[in-house]
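Here are some notes to read alongside the model. Have a look at it first, then work through the points in order.

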Amino acid sequence: MAAVALHEGQRPSGVFTRHDIHGDTVIDCDVVVVGSGAGGATVAAELAEAGIDTVVLEEGSYYQTRDFTADTSAMVRQLYRDGGATMAIGNPPIMFQEGRAVGGSTVINGGMSWRTPDPIHTDAIGNDNWLLKKGADAKGWKIIGNLRNQAHCVGSNRCAFGCPTGAKQSALVSYIPRALHYGARVYADVCVDRISRHGKRATGVLGHVRHPDGTRGPNVAVRAKLVVSACGAIHTPALLERSGFRSPSGLVGHNLSLHPNVKVVAIFDEDVTGWKGAHQAFQVREFDEQGLGVFAAVNLPPSVLAMSFPHRGAQLGALMQQYNHMVTAGLLCEDTATGRVRTIGGRPQAFYQLSKHDAQTMQRGLALLCELLFAAGAKRVLLPFGHAKEVASADEAHRLLDRPIPPHGWEVVTVHMMGTARMGGDRSAAVTDTHGLVHDADRLIVADASLFPTPIRVNPMETIMALATRAAAHVIDNTRRLLQ
């Protein structure tokens with residue numbers, strides 16, 4: 001059994017964990033929300049403030065800001081599902097990351113929040129992001145300051161591993177405390193197996209306590225008048241399938257969009273120290289109408305970056321000696337293909353085939369990103385292919401990337417999974433209505449990125465929260481119909 005990586009802090013009133021559940025348990029409430037991320041926490045806070053008795057179930061554990069440390073491997077083991085190594089099967093396979101903790105993926109995302117009113121603080125911007133801006137300015141490309149849900153960022157660049165200062169306003173430090181203040185109850189370490197039902201009507205959920213070693217603990221049943229599935233675009237379709245809910249459209253699990261990402265690593269003569277400064281202070285938006293939604297500088301800790309290189313042994317050691325001179329930059333592609341989440345043995349498995357069009361778009365984007373980095377002063381750029389390919393000039397990058405490169409050896413990742421329970425008014429072409437109510441079901445709502453009919457080009461957190469707020473308002477306005 002692996003040792004628990006983090007120490008849980010003292011819990012506020014209303015938060016319960018595996019330590020509080022000593023046998024099979026039955027809980028009663030008005031609304032049960034499955035998932036505590038951008039969708040689930042938002043719905044819970046809105047409903048609780050309206051006086052609706054709300055219970056939130058989260059498969060991950062509850063941690064406080066003081067539990068987040070600089071031990072990257074420990075944070076990844078504890079805060080990421082499957083240690084961040086989940087994969088959509090295809091050619092190339094695409095690695096994707098999901099948070100598993102109270103607060104969901106908002107605990108480990110970059111905090112991009114396009115409706116946040118306050119601009120980023122310039123004193124928290126790291127040199128890697130200034131170099132990105134230098135290159136974009138040299139090319140005359142559109143670059144904008146990133147809007148992030150932060151309060152007082154000190155630039156520790158630990159957004160993806162739990163903010164150690166509480167500056168990033170994840171659901172853990174915003175919506176969850178608000179929900180608790182108004183009487184919601186949060187049960188961490190509870191994995192939901194299925195939604196209970198009477199005919200087509202959802203009546204609650206059935207689950208179990210999940211121990212850190214993965215073993216199954218006592219059963220947990222929640223009886224509720226309304227069920228909200230907010231466990232993300234990978235796990236919501238699986239939960240619906242396991243529970244026997246079938247959409248008239250037959251599209252549960254279909255329409256998976258991923259925002260495929262590829263990265264490059266540029267090496268400069270100057271000392272960059274990319275680990276200092278806020279995560280993604282700028283975004284290049286010059287090509288967002290051409291399928292390239294974002295270029296950004298995204299620093300990775302040494303251990304994570306080293307694992308991504310094809311180099312080994314002394315060669316890898318020599319390369320990592322230059323870590324403080326590296327800028328890791330990536331691009332996001334607004335994909336035109338879609339994949340599918342299948343439920344196999346009760347567990348979700350994503351399948352996604354990168355289209356030829358999107359591969360060409362990403363390849364063009366890589367050439368442009370290299371052009372930017374060389375304009376900023378980079379001496380060489382390492383490319384995201386299965387062999388140790390690097391270029392020493394923008395011209396060399398264009399010569400290499402202007403000819404087709406089979407994508408099977410590319411390193412492609414994502415953190416934006418969307419679309420697997422798409423909303424829409426046409427029951428034959430959507431899984432839910434425009435408020436997230438599942439077609440051909442009663443008292444069942446989806447409130448996460450599964451709802452997106454299409455990819456949205458930018459970071460999806462704010463859109464998820466907006467849709468969740470809208471769903472909660474619909475419930476509040478229709479309590480007589482939905483909660484009696």
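**Notes on the model**

1. Let's start with a side-chain pair: Arg-380 and Gln-322 are joined by a polar contact of 3.3 Å between their side chains. (A polar contact is a pair of N or O atoms within 3.5 Å; within protein, one must be able to donate a hydrogen and the other to accept it, and residues adjacent in sequence count only if both atoms are side-chain atoms.)

2. Before going on, keep in mind that this is a predicted model, where local features need pLDDT of at least 70, side-chain atom pairs count only at pLDDT 80 or more, and totals for chains, interfaces and linings use all residues. Residues are numbered from 1 along each chain as its sequence is written, and side-chain values use heavy atoms, with hydrogens and water left out.

3. Back to Arg-380, which sits in strand β19, residues 380-382 (helices, H or I with at least four residues, and strands, E with at least two, are DSSP runs numbered from the N terminus). Arg-380 counts as partly exposed because its relative accessible area is 22% (buried is under 20%, exposed over 50%, partly exposed in between, with a 1.4 Å probe and protein chains only). Setting aside neighbours within four places in sequence, its contacts include Val-265, Leu-319, Phe-374 and Ala-392 (contact means heavy atoms within 4.5 Å). Ala-392 is 12 residues away from Arg-380 in sequence, and their C-alpha atoms are 4.4 Å apart.

4. How do α8 and α9 pack? Helix α8 (residues 356-375) and helix α9 (residues 394-401) meet at an angle of about 175°, their axes 9 Å apart, so α8 is roughly antiparallel to α9 (that label needs an angle over 145 degrees; axes are lines fitted to C-alpha atoms over the stretch in contact, and angles run from 0 to 180 degrees between N-to-C directions). Phe-374 is among the α8 residues here, and α9 brings Ala-394, Ala-397, His-398 and Leu-401.

5. Zooming out, the domain assignment gives domain 1 (15-67 + 166-246 + 422-483) and domain 2 (77-105 + 115-162 + 256-414), with bounds from an automatic or database assignment. Their centres, taken over C-alpha atoms, are 30 Å apart.

6. Ser-257, between α5 (232-242) and β13 (261-267), is buried, with a relative accessible area of 2%; its contacts include Asp-335, His-416 and Pro-455. Gly-60, between β4 (54-57) and α2 (72-79), is buried at 0%, and its contacts include Arg-100, Asp-189 and Arg-210.

Key
Angles under 35 degrees count as roughly parallel, over 145 as roughly antiparallel, 65 to 115 as roughly perpendicular and the rest as oblique.
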